[in-house]
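I opened the model to look up a few things and kept notes as I went. The entries below are in the order in which I made them.

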Amino acid sequence: MSGQVPLVEYLELGDDPHLVANECTECGARFFDRRNACASCFGTSFKKTRVETTGELRAFTIVSFAAPGIPTPFVAGVIDCGGTSVRANVINCPPDPEHVKVGMKVRLATAPVGTDDNGTEAVGFGFEPIS
Amino acid sequence: MAKDDVWILGIYMTKFGKHPDEDTVDLAAEAATAALKDAGVTMRDMGVLAAGNLMGAAAGIGQQLQKQIGQTGIPVYNVANACATGATALRTAIMSVKAGEADMGLAVGVEKLAGAGLLSGGTRKAEGNTWTPHGRYGAVAPVDGRIGTETMPGVFAQVGMEYLHDHPYDGEPFQLFARISEKNHAHSTLNPLAAYQKKMTVEEIMNDVMIAFPNTRPMCSANCDGAAAAVVVSGERLKSLSKEQQQRAVKVRASILTSDPWQEACQILPDVNTLTRMAAEQAYEQAGVGPEDLDLVELHDCFATAELVHYDNLMLCKPGDAVSLFESGATWRDGKIPVNVSGGLESKGHPIAATGIANVWEIATHLRGEAGDRQIEGAKIGLAHVIGLGSACGVHILEKPAA
């Protein structure tokens, strides 16, 4: 069997890759994993919602010491995607403070994580600068 | 000495650093017996014991300590609250006294972390040779490093950088944060209990090993061993003690613990701001003082990037003005509002569960006029702050002993 799997369930692959959040139908708070009740309003009803694929880099760090198997340095950050904050790496950009700035505009991009014994490729995501 | 006041009767911190020949129980015992001696009381006087040792949270450090220094059958609360564990132990003892269940209590925090290396969040090992979804995100591989970072230096680096996004800064962020670290390392040279007492130039700090931009190694809290302990007493009981005990007792004007309320991004990047601001507001209200009344502050500089945001969160400056406050020199030991005259976590060290009591010890020692070379002259009111990710925030405001 070959093909692709997303690194995480909230990444939707295909022709139009995007992230999917669980949105509280009461207050609109968004979560990337499941909630028994909304952390903001305690509502218990959620719907799947597409998260915008472009945004602004609110915060970043350039990590030089990381878990085994993670190439360094890499840029980790928080992206404001139209009011929904997303945690992700900044990719397709040199990992240095001359190229990475808070406030820069970025867009979602996919990136391969690796291929398993069955030939299945895992695909992750990051955000790349909009030049 | 009003009936429902709570006072610190005795307090102690061990030397922070490497203690290869002492285990956690030895260190906790050293701090606890010294705090009891400082208070002029014994284990027989204690009505409650609250204790924390985060890395050994399942072992029950409170009972281990009792077996080492005195078992009297009193209630023991073993607490764990990340880096706020020590403050939580202290707050637990204070609550017990406030509730009238005990008129004297002991709080202890201890950690052995020397050589622990980089602390990160919930990483998990890769397993098997086929992609299989695991956990709450259905992740087929570890997400730390692939979807942002869970390492502490990286998380707090983003906290500092986010502040400079929300409050635009024209200068060089790396150098700004390095100068905050320079201050704390300079302060540490006067603190014989600090793990590191080495003055460092901004250039030395910036050229040291980069951990997570903009935090280099000396801008990160130092993993080390240490313990701290405090004896608290009710105002009523204090009245029955000696003049000498009364004259060294430090009044607890406020004792607050908060957790993080929901904010839009708080499950993406920990929000260390809102709960700190809440704790500060509640503490100032409880104490009946404002930030302008503080003579010194010990705040949770787990990384240089964190110190900046807490100037604002603790309302030491107007909202958004943390950089100007620092640039004015106000937070140096000879400034308007000295911050981290102990050297802070970056040089004093951060033995996790000890930190929240050690910060209170630093403040109490200045208020007693017993801080030696680093004494802030005439200090009357001080504030101690800690943050534990997850999150928990402890704030204590203390007042000088009555003359």
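Predicted model: local features only at pLDDT ≥ 70, side-chain atom pairs only at ≥ 80, totals over all residues.

Entry 1: In chain B I counted 13 helices and 11 strands. I looked up the box filled by its C-alpha atoms along the principal axes, and it is roughly 65 × 50 × 40 Å. Of the contacts in chain B between residues at least 6 apart in sequence, 77% join residues at least 24 apart.

**Entry 2: nonpolar core.** Which residues have the most contacts inside the largest nonpolar core? I found A31(B), V108(B), A229(B) and V232(B), in a core of 168 residues. Helix α13 of chain B, residues 352-367, gives the most to this core, namely 10 residues. I then listed the contacts of A31(B), leaving aside neighbours within four places in sequence. The list holds Y12(B), M13(B) and T14(B), then V108(B) and V110(B), and finally A227(B), A228(B) and A229(B). As background, nonpolar side chains in soluble globular proteins tend to be buried together.

**Entry 3: strand β8(B).** Is β8(B), residues 250-259, enclosed or open? Nine of its 10 residues are buried, so I noted the strand as largely enclosed by the rest of the structure. I looked up its partners next. With β11(B), residues 392-399, β8(B) runs antiparallel, and eight bridges join the two. Within that pairing, I256(B) stands opposite V395(B). With β1(B), residues 6-13, the pairing is also in the antiparallel sense, over two bridges. There I found I8(B) opposite V250(B).

**Entry 4: helix α3(B).** I checked the length of α3(B), residues 85-98. Of the 14 residues, 12 are buried, and I recorded the helix as mostly covered. Among the buried ones are T85(B), R91(B), S96(B) and V97(B). After the helix comes G100(B), with a positive phi near 80°.

**Entry 5: helix α2(B).** In α2(B), residues 61-69, I listed I61(B), G62(B), Q64(B), L65(B) and Q66(B) as buried. What do the buried residues of α2(B) pack against? I found α1, β2, β3 and β4 of chain B. Just after α2(B), G70(B) has a positive phi of about 155°.

**Entry 6: contact of the two chains.** I counted 41 residues from chain A and 40 residues from chain B in the contact. On the side of chain A, β6, β7, β8 and β10 each supply at least two residues. The most comes from β6(A), with six residues. By class, I sorted the chain A side into 24 nonpolar, 10 polar and seven charged residues. I then followed β6(A) across to chain B. Two bridges join β6(A) to β5(B), residues 210-213, and these strands run antiparallel. The bridge partner of V63(A) in β5(B) is A212(B).

Terms used
Residues numbered from 1 in each chain as written. Chains lettered and ligands numbered in written order. Buried ≥ 20, exposed ≤ 12 C-beta atoms within 10 Å, placed from the backbone. Helix = DSSP H or I, 4+ residues; strand = E, 2+ residues; numbered from the N terminus. Pairing = 2+ DSSP bridges. Contact = placed C-beta atoms within 7 Å. Nonpolar A, V, L, I, M, F, W, Y, C, P; charged D, E, K, R; others polar. Core = buried A, V, L, I, M, F, W, Y, C linked by C-beta atoms within 7 Å.
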